[in-house]
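Please look over the sequence and the model shown here before reading on. The paragraphs after it are meant to be followed with the structure in view.

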Amino acid sequence: MEVLKVSSKSAPNSVAGAIAAVVKESGAAELQAVGAGAINQALKAVAVARGYMAPSGINLICIPAFTTIAIDGEEKTGIKLIVEPR
């Protein structure tokens with residue numbers, strides 16, 4: 001499963017396009033975000049991606065979970081969102 005890293009500066013429409021492409025290609029995508037701003041952008045991207053995929057009859061679901069991410073040699077707790085079709 002391909003991992004997409006989302007920051008607070010990520011454009012939701014661009015991330016949504018990447019989610020749609022990865023889901024079509026490999027069946028599921030994982031988004032990783034650390035911090036409130038990044039999680040906000042990631043969730044907006046999932047909502048937009050659902051809109052992109054709906055006309056094709058694909059209903060995307062999102063499964064949230066905590067994860068530990070190494071950033072500059074320091075471990076931080078983040079959120080991972082697994083996005084897959086239902």
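What follows goes through the sheet, then the helices, and finally a single loop residue.

This is a predicted model, in which local features need pLDDT of at least 70 and side-chain atom pairs count only at pLDDT 80 or more, while totals for chains, interfaces and linings use all residues. Residues are numbered from 1 along each chain as its sequence is written, and side-chain values use heavy atoms, with hydrogens and water left out.

Helices (H or I, at least four residues) and strands (E, at least two) are DSSP runs that are numbered from the N terminus. An open sheet of 4 strands has the order S1-S2-S4-S3, with mixed pairing, where two strands pair if DSSP finds at least two bridges between them. S1 and S3 stand at the edges with a single partner strand each, so one side of each is left without a neighbour in the sheet. Direction ignored, neighbouring strands of this sheet are turned by 25° against each other on average.

Strand S1 (residues 2-6) pairs with S2 in the parallel sense over 5 bridges; leucine 4 stands opposite leucine 31 in S2, and valine 6 stands opposite alanine 33 in S2. Strand S2 (residues 29-33) is largely enclosed by the rest of the structure, because 5 of its 5 residues are buried (under 20% relative accessible area with a 1.4 Å probe, protein chains only, whereas exposed means over 50% and partly exposed in between). Both faces of S2 are covered, with Ala29, Leu31 and Ala33 buried on one side and Glu30 and Gln32 buried on the other.

Helix H1 lies across S1, S2, S3 and S4, and runs at about 175° to S1; axes are lines fitted to C-alpha atoms, for helices over the stretch in contact (heavy atoms within 4.5 Å), and angles run from 0 to 180 degrees between N-to-C directions. Helix H1 (residues 12-26) also packs with helix H2 (residues 36-53) at an angle of about 55°, with their axes 8 Å apart. H1 and H2 are therefore oblique to each other, given that angles under 35 degrees count as roughly parallel, over 145 as roughly antiparallel, 65 to 115 as roughly perpendicular and the rest as oblique. Among the residues that meet are Val15, Ile19 and Val23 in H1 and Ala45, Val48 and Tyr52 in H2.

The last stop is aspartate 72, in the loop between strand S3 (60-71) and strand S4 (74-85). Aspartate 72 has a positive phi of about 55° although it is not a glycine. Most residues other than glycine have a negative phi. At 80% relative accessibility, aspartate 72 counts as exposed.
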